[in-house]
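User: I'd like to learn how to read the features of a model like this one. Could you walk me through them, one at a time?

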Amino acid sequence: MKNNNNGCTKKEPLECNYQIIHKLPPGDSPYVRAKYAQLVEKDAEAAIVLFWKAINAGDRVDSALKDMAVVMKQQDRAEEAIEAIKSFRDRCSKQAQESLDNVLIDLYKKCGKLEEQIELLQQKLRMIYQGEVFNGKPTKTARSHGRKFQVTIKQETSRILCNLGWAYMQQSNYAAAEVVYRKAQQIDPDVNKACNLCMCLQKQSRYSEARSVVEDVLQGKISGSDDPKSKNRVEELLKELEPFGSFGYTSPSPQLNLEDAFLDGLDQLINQYAPFRSRRLPIFEEISPCRDQLAC
């Protein structure tokens, strides 16, 4: 039977509709059947079995391993997913490694493996600063919920720093969290980062500084200040700070260091895309003096 443009035969209109709606790849390979079980039949256990078959058969291993890990996470099998990625990522292409790292970070977060999460986030920062992630380009293509979009170096660096700040907060390492939140806010400021920094300062009993950070949001000085949800969150934080009045102390912002390789790599990166700007961003000027808290 002749296939149409979607890879479906005329006798298979129902399956054809599923392929279009769920964007299933054509064919009857283990990976295709795994995606059918995952998206159409909603049978997670069957999907995992078929993803394993796809990996062992060498059928779209990049996608099969990543998709299987995501399904395992949804089934509260995060530890198993971590081991699967570690054991089989060497079968995947170089292009798939960054996506697998992103999945691992989510899995470490779900399992409470903070040290592993921090180590991998630091590794991702190193790769960005050494120019290995964007392949010599100012942007890269990212995916979210099946959609492609462009991400800049600033946006990706800020995102990773925010994740790193969250991990430090879970460790109650508020000094380290403050540094990375400040750097993220400096690179790509928004309301969410300001609120996170406020919470971090509050944990250190630096209430006046915390209040100052969120007041900038209310005054419209930060991107996203007009968002109603953001305003509600800021107002909640200010209410939490009310009992302390002006109590608290102000201390110099702590400083962390990233290895010299980070500095050299970023210098090269900035020279490529902003040759008329300063060769070193303020984020690195501030973290150069101290070398003992963030050794990547």
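User: How many helices and strands does the protein have?

Analyst: Happy to start there. Helices (H or I, at least four residues) and strands (E, at least two) are DSSP runs, numbered from the N terminus. Here the secondary structure comes to 14 helices and two strands. This is a predicted model, in which local features need pLDDT of at least 70 and side-chain atom pairs count only at pLDDT 80 or more, while totals for chains, interfaces and linings use all residues. Residues are numbered from 1 along each chain as its sequence is written, and side-chain values use heavy atoms, with hydrogens and water left out.

User: What share of the residues counts as buried?

Analyst: Buried means under 20% relative accessible area, exposed over 50%, and partly exposed in between (1.4 Å probe, protein chains only). Of the 296 residues of the protein, 43% count as buried. For contacts, the criterion is heavy atoms within 4.5 Å. Among the contacts with a separation of 6 or more, 55% are between residues 24 or more positions apart.

User: Which residues is Leu-65 in contact with, beyond its neighbours within four places in sequence?

Analyst: They are Ile-55, Ala-84, Ile-85, Phe-88, Arg-89, Cys-92 and Leu-100. Leu-65 itself is found in helix H4 (residues 61-74), and its relative accessible area of 0% is why it counts as buried. Its C-alpha atom is separated by 9.5 Å from that of Arg-91, 26 residues apart along the chain.

User: How is a pair of aromatic rings described?

Analyst: By the distance of the centres and the angle of the planes. Rings of Phe, Tyr and Trp (its six-membered ring) pair if their centres lie within 6.5 Å; planes under 30 degrees apart count as stacked, over 60 as edge-to-face and the rest as tilted. A search of the whole structure finds three aromatic pairs. One of them joins Tyr-31 and Phe-51, tilted at 50 degrees between the planes and 6.0 Å centre to centre. This pair links distant parts of the chain, with Tyr-31 in helix H2 (residues 30-39) and Phe-51 in helix H3 (residues 44-57), 20 residues apart. Tyr-31 is buried at 7% relative accessibility, and Phe-51 is buried at 0%.

Another pair is formed by Trp-52 and Phe-88: the ring planes are at 70 degrees and the centres 5.3 Å apart, so it is edge-to-face. Because Trp-52 lies in helix H3 and Phe-88 in helix H5 (residues 78-88), the pair ties together parts that are 36 residues apart in sequence.

User: Are Trp-52 and Phe-88 buried or partly exposed?

Analyst: Trp-52 is partly exposed, at 24% relative accessibility, whereas Phe-88 is buried, at 16%.

User: Which ring does the charged end of Lys-109 sit over?

Analyst: A charge sits over a ring if NZ of Lys or CZ of Arg is within 6 Å of the ring centre and within 35 degrees of the ring normal. The charged end of Lys-109 sits over the ring of Trp-166, 4.4 Å from its centre.

User: How many disulfides does a search find?

Analyst: A disulfide is a pair of cysteine sulfur atoms within 2.5 Å, and the search of the whole structure finds zero. Take Cys-195, which is in no disulfide: the nearest cysteine sulfur, that of Cys-198, is 6.8 Å away. Cys-195 counts as buried at 1% relative accessibility, and Cys-198 counts as buried at 0%.
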